[in-house]
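Colleague: I would like to learn how to read a helix in a model. Please take me through one.

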Amino acid sequence: MASFTKSQIGIAVGTASLLVLVFVGYLWWLSNQGPVLARSEEHDPLTGLHVSIKLNPLRDRATEHAANNFLRELRDGHCDELLAKWEHDYHKKYARFICKSETQHPLLSWQLVDWEDAPPFIILHYRGKRLSNAGPDQPGVDQDLFTLTMENKGAEWDVTKYDAMY
């Protein structure tokens, strides 16, 4: 069994303490940052969105959870029930258009590609995959961008706008 000197133990304890302090400092710094830590300088020429973003792992994900619930319901064919509350205002025709389009071009999967803070709203940009309707001879999958506008309604986030190109 090897014996260590007091100096070696002191150096080890000091190094471990420094590492823990740096780690806790990094976590504190992350907790004080916004949801997006960095965006690439490069933009997609068609959409104008950043090619990539780095999201804060400590961000509040309540908006994303609400958005994912909305998108799952949309994907699973519950569009009419989901957008029923939109039928009482100017969104009525738009809600019918969305449900018809979602039936024709069902959403298969989605990935968050950008996050915009526009108080009191948050706009989440997604890249989604949909079944193509090029015809029975040309089945396939299309990839497109869509956005969800989220509003904080008290204790929960609610989708106030869904914007997709079909």
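Modeller: Start with confidence: pLDDT is the predictor's confidence in each residue, from 0 to 100. This chain averages a pLDDT of 87, and 93% of its residues score at least 70. The model is predicted, so local features need pLDDT of at least 70 and side-chain atom pairs count only at pLDDT 80 or more, while totals for chains, interfaces and linings use all residues. Residues are numbered from 1 along each chain as its sequence is written, and side-chain values use heavy atoms, with hydrogens and water left out.

Colleague: Where in the chain is confidence lowest, and where highest?

Modeller: Helices are DSSP runs of H or I, at least four residues, and strands are runs of E, at least two, numbered from the N terminus. Confidence is lowest in α4, at a mean of 86, and highest in α2, at 94.

Colleague: Which residues of α4 are buried?

Modeller: Buried means under 20% relative accessible area, exposed over 50%, and partly exposed in between (1.4 Å probe, protein chains only). In α4 the buried residues are Ala95, Ile98, Cys99, Ser101 and Glu102. They cover an arc of only 170° around the axis, which puts them on the same side of α4; the arc is that of the directions from the helix axis to the C-beta atoms. Lys93, Lys100 and Thr103 are exposed, on the face turned away from that buried side.

Colleague: What do the buried residues of α4 pack against?

Modeller: Contact means heavy atoms within 4.5 Å. The partners are α2 (62-75), α3 (79-82), β3 (107-118), β4 (121-131) and β6 (156-164).

Colleague: Is Thr63 buried or exposed?

Modeller: Thr63, in helix α2, is buried, with a relative accessible area of 2%. Leaving out residues up to four places away in sequence, Thr63 touches Trp115, Ile122, Leu124, Met150 and Trp157.
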